[in-house]
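Thanks for coming. I will show one structure and then talk through how its parts sit against each other.

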Amino acid sequence: MRARNVAVLLTVAVGVYLVLLAGRAVALIREGSVPAVVLGLGVLVLPVLGVWLVAATWRSGARIQRLARRLEDEGGLPDVSDLPRRPSGRVDREAADDWFEQRRAELEADPQDWRRWYRLAHAYDVAGDRRRARATMRRAIELEAADR
């Protein structure tokens, strides 16, 4: 619940920033000179892009949360609590790599199961590879949607 509160707070802060930025864009456009209007239109693109990015992020988060709840109900959420950790709290690299290999072997046994994709995405995250974790989670979301 705490992470969600932080996300809401940050979304509100970004929203305020985007409104202020849109206000500056409108002020530039109202000035009327060609350079100001062009600049204002360029600046106006940023709030539109920002709203789209925030909406896409929240939509993705909601989908991932739905998968997590479904896995939790099934008793299949990945558990890394027993893996050794560094003083920083991150999972030990060698242990994360071993755990990742186990998840990858599970996926190879049944590549159409969204649950295995979800666990592999979690393994990528534990190993510190956020880019692949996001791509793998997108695949899990696609498969779960087709499964419903």
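In helix 4, the buried residues are Trp 114, Arg 115, Trp 117, Tyr 118, Arg 119, Leu 120, Ala 121, Ala 123, Tyr 124, Val 126 and Ala 127. Buried here means under 20% relative accessible area, exposed means over 50%, and partly exposed is in between, with a 1.4 Å probe and protein chains only. Helices (H or I, at least four residues) are DSSP runs, numbered from the N terminus.

A word on the source. This is a predicted model, in which local features need pLDDT of at least 70 and side-chain atom pairs count only at pLDDT 80 or more, while totals for chains, interfaces and linings use all residues. Residues are numbered from 1 along each chain as its sequence is written, and side-chain values use heavy atoms, with hydrogens and water left out.

Back to helix 4. Eleven of its 14 residues are buried, so the helix is mostly covered. What does the covering of its buried residues include? It includes helix 2, helix 3 (93-109) and helix 5. Contact, here and below, means heavy atoms within 4.5 Å.

The length of helix 4 can be checked too. The expected span of a helix is 1.5 Å times one less than its number of residues. For the 14 residues of helix 4 (residues 114-127) that gives 20 Å, and the end C-alpha atoms are 20 Å apart, which agrees.

Now the pairs of helices. Two packed helices are described by the angle between their axes and the distance between the axes. The axes are lines fitted to C-alpha atoms, for helices over the stretch in contact, and the angles run from 0 to 180 degrees between N-to-C directions.

Take helix 3 and helix 4. They pack at an angle of about 160 degrees, with their axes 9 Å apart. Helix 3 and helix 4 are therefore roughly antiparallel; angles over 145 degrees count as that, under 35 as roughly parallel, 65 to 115 as roughly perpendicular, and the rest as oblique. Their crossing is left-handed, meaning that the near helix is turned anticlockwise from the far one by less than a right angle. By class, the residues of this contact divide into eleven nonpolar, one polar and seven charged. In these classes, Ala, Val, Leu, Ile, Met, Phe, Trp, Tyr, Cys and Pro are nonpolar, Asp, Glu, Lys and Arg are charged, and the others, Gly among them, are polar.

Two arginines belong to this part of the picture. Arg 103 is in helix 3 and is buried, with a relative accessible area of 10%. Apart from neighbours within four places in sequence, Arg 103 is in contact with Arg 119, Leu 120 and Ala 123. Arg 119 is found in helix 4, and at 16% relative accessibility it counts as buried.

Next, helix 5 (residues 130-147). Its 18 residues should span 26 Å, and its end C-alpha atoms are 25 Å apart, which agrees. Which residues of helix 5 are buried? They are Ala 133, Thr 136, Met 137, Ala 140, Ile 141, Leu 143 and Glu 144. The buried residues of helix 5 pack against helix 2 and helix 4. Arg 131 also lies in helix 5, but at 57% relative accessibility it counts as exposed.

Helix 2 (residues 34-74) packs with helix 5 at an angle of about 65 degrees, with the axes 10 Å apart. The two are therefore roughly perpendicular. Residues of helix 2 in this contact include Arg 63 and Leu 67, and those of helix 5 include Met 137 and Glu 144. The contact divides into five nonpolar, one polar and five charged residues.

Helix 1 (residues 2-31) and helix 2 have axes that come within 7 Å and cross at roughly 160 degrees. That makes helix 1 roughly antiparallel to helix 2. Their contact has 20 nonpolar, three polar and one charged residues.

Last, the loop between helix 2 and helix 3, where Arg 85 is placed. Leaving aside neighbours within four places in sequence, Arg 85 is in contact with Val 80, Arg 90, Val 91 and Asp 92.
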